[in-house]
Amino acid sequence: MMGKIDIYSPIDNSFIGSVNKMSVEDIDNIYIKARKSFKEWKMLSAVERASYIHKAADELEKMKEEVAELMTREISKSYKDSLVEVERTVYLMKYTAEEGLRIFGEVYEGGNYDKSNNGRMSIVKREPLGVVLAIAPFNYPVNLSASKIAPALISGNVVIFKPPTQGALSGLKVVEAFHKAGLPEEVLQSATGKGSEIGDYLNTHHEINFINFTGSTPVGQRIGMQAGMKPIMLELGGKDAAIVLEDADLEKASNDIVSGAFSYSGQRCTAIKRVLVMESVADKLSELLKEKVSKLTVGNPFDNVNITPLIDNKAADFVEKLYLDAKNKGAIELTKFKRENNLIYPTLMDNVSLDMELATVEPFGPILPIIRVKTEEEILEIANASEYGLQSSVFTKDINKAFEFASKLEVGTVNINEKTQRGPDNFPFLGIKNSGVGVQGIRNSILSMMKIKTIVINI
């Protein structure tokens with residue numbers, strides 16, 4: 001008999017629900033069903049597949065208040081932000097369905113290369129890969145599940161969905177929406193259980209054709225090694241910098257930095273995780289940041305506050321460790337560190353130096369270091385020294401300077417006079433170095449889960 005995994009709320013440790021604790025035998029059965037269903041699913045037209053996705057989006061929209069409430073209880077995200085995530089996911093699914101209709105093959109003419117190949121033609125087809133393993137994280141259990149599932153389905157793949165253990169109940173609502181829409185159950189199946197127990201077996205199964213993972217860098221690196229020659233998409237950690245130059249609009253910069261750093265208590269790969277500011281404007285910026293951070297609201301996510309309990313005590317322990325290291329090495333608390341179990345109040349640290357872990361390590365919590373820098377060259381050197389390369393923000397009134405920094409920063413995305421963030425979902429989204437592999441964004445995600453077949457003929 002299959003066991004259960006109980007899920008409790010990080011808000012008050014109340015019981016929310018349970019999911020099945022699957023065994024390796026259960027996983028084998030899922031993969032067998034997926035492979036069989038792929039033969040029929042890939043033969044449907046893109047229009048037919050798009051119809052299922054549109055209907056699933058409609059079903060999810062009907063459930064949006066229910067899903068948002070569940071998400072708030074399960075991952076301690078404010079109700080307002082949870083509702084926005086569900087609504088955003090509905091748009092993502094509908095856009096994906098339409099974008100899938102605009103994925104075409106190509107034709108190449110040999111005569112365009114040289115005369116000896118006149119009459120030779122290459123027909124390039126795009127075909128689905130097969131069985132896609134989609135692994136979602138706890139922090140966006142609805143959006144980052146659908147952003148993997150919908151592009152895989154529209155391109156003709158079948159999906160094994162591994163939700164996060166904490167966040168599983170919310171993520172499974174996406175699957176429920178697809179099944180309510182009439183999607184055959186074998187085309188989209190769920191594999192629930194602790195990653196530490198079934199993760200390696202899921203990742204190394206011989207039936208896998210593609211792995212799409214969002215999560216921590218260490219786990220992503222492990223999946224990369226396990227995948228071998230199989231294609232992967234990895235969305236991993238970041239140490240996103242907000243770079244503030246001497247001519248920046250400090251009022252706007254401070255607003256964007258606080259929003260970018262502390263929304264969902266900093267539990268986002270695209271959260272601003274360090275401020276690199278020119279010494280000449282550092283005092284003024286620090287004052288503005290302190291003023292705005294001090295006004296952030298803290299407490300129960302159903303009250304739509306800014307700062308809510310972290311996902312668990314282990315996450316809070318990690319943030320506190322980084323705080324203590326910085327404090328012991330001379331960093332200045334601009335706002336007082338305060339912890340109540342897994343709830344950590346927003347903490348702003350000034351005069352952070354590079355020998356402090358907080359300067360280089362991703363905290364995934366509501367703590368922000370300010371690093372004062374004397375030259376623009378030093379800013380670039382510090383920013384690019386990171387093992388991560390997800391996003392950066394550059395605040396300046398000089399558009400030429402902004403583009404100069406954008407060209408030199410070693411990240412996937414540079415935001416000019418704007419906080420680091422994911423989206424809109426149709427934009428390319430990627431990380432380099434230890435921040436990821438592959439390019440996401442609706443069209444890019446679809447193409448990543450298709451292969452090219454070339455047919456050459458002489459006419």
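Strand β3 and strand β4 (residues 120–128) run antiparallel and are joined by four bridges. The model is predicted: local features need pLDDT of at least 70, side-chain atom pairs count only at pLDDT 80 or more, and totals for chains, interfaces and linings use all residues. Residues are numbered from 1 along each chain as its sequence is written, and side-chain values use heavy atoms, with hydrogens and water left out. Helices (H or I, at least four residues) and strands (E, at least two) are DSSP runs, numbered from the N terminus.

**Sheet β3-β4-β24**

- Strands of a sheet pair through backbone hydrogen bonds, either parallel or antiparallel.
- Three strands form an open sheet in the order β3-β4-β24, with antiparallel pairing; two strands pair if DSSP finds at least two bridges between them.
- β3 (106–109) and β24 (450–458) are the edge strands, each pairing on one side only.
- From one strand to the next, the twist averages 20°.
- Glu-109 has Met-121 in β4 as its bridge partner.

**Helices α1 and α7**

- Helix α1 (residues 24–41) and helix α7 (residues 195–204) have axes that come within 10 Å and cross at roughly 35°. Axes are lines fitted to C-alpha atoms, for helices over the stretch in contact, and angles run from 0 to 180 degrees between N-to-C directions.
- The α1 and α7 crossing is right-handed, meaning that the near helix is turned clockwise from the far one by less than a right angle.
- Val-24, Ile-27, Asp-28 and Tyr-31 of α1 make the contact with Ile-198, Tyr-201 and Leu-202 of α7, where contact means heavy atoms within 4.5 Å.

**Gln-391**

- Gln-391 is found in strand β18 (residues 391–395).
- Gln-391 counts as buried, at 2% relative accessibility (buried is under 20% relative accessible area, exposed over 50%, partly exposed in between; 1.4 Å probe, protein chains only).
- The side chains of Gln-391 and Asn-415 make a polar contact (3.1 Å). A polar contact is a pair of N or O atoms within 3.5 Å; within protein, one must be able to donate a hydrogen and the other to accept it, and residues adjacent in sequence count only if both atoms are side-chain atoms.
- A polar atom of the Gln-391 side chain lies 2.9 Å from the backbone nitrogen of Gln-421.
- Beyond its neighbours within four places in sequence, Gln-391 is in contact with residues including Asp-240, Thr-270, Val-411 and Phe-429.

**Glu-98**

- Glu-98 is found in helix α4 (residues 79–99) and is partly exposed, with a relative accessible area of 33%.
- C-alpha to C-alpha, Glu-98 and Glu-418 are 29 Å apart in space, and they are 320 residues apart in sequence.
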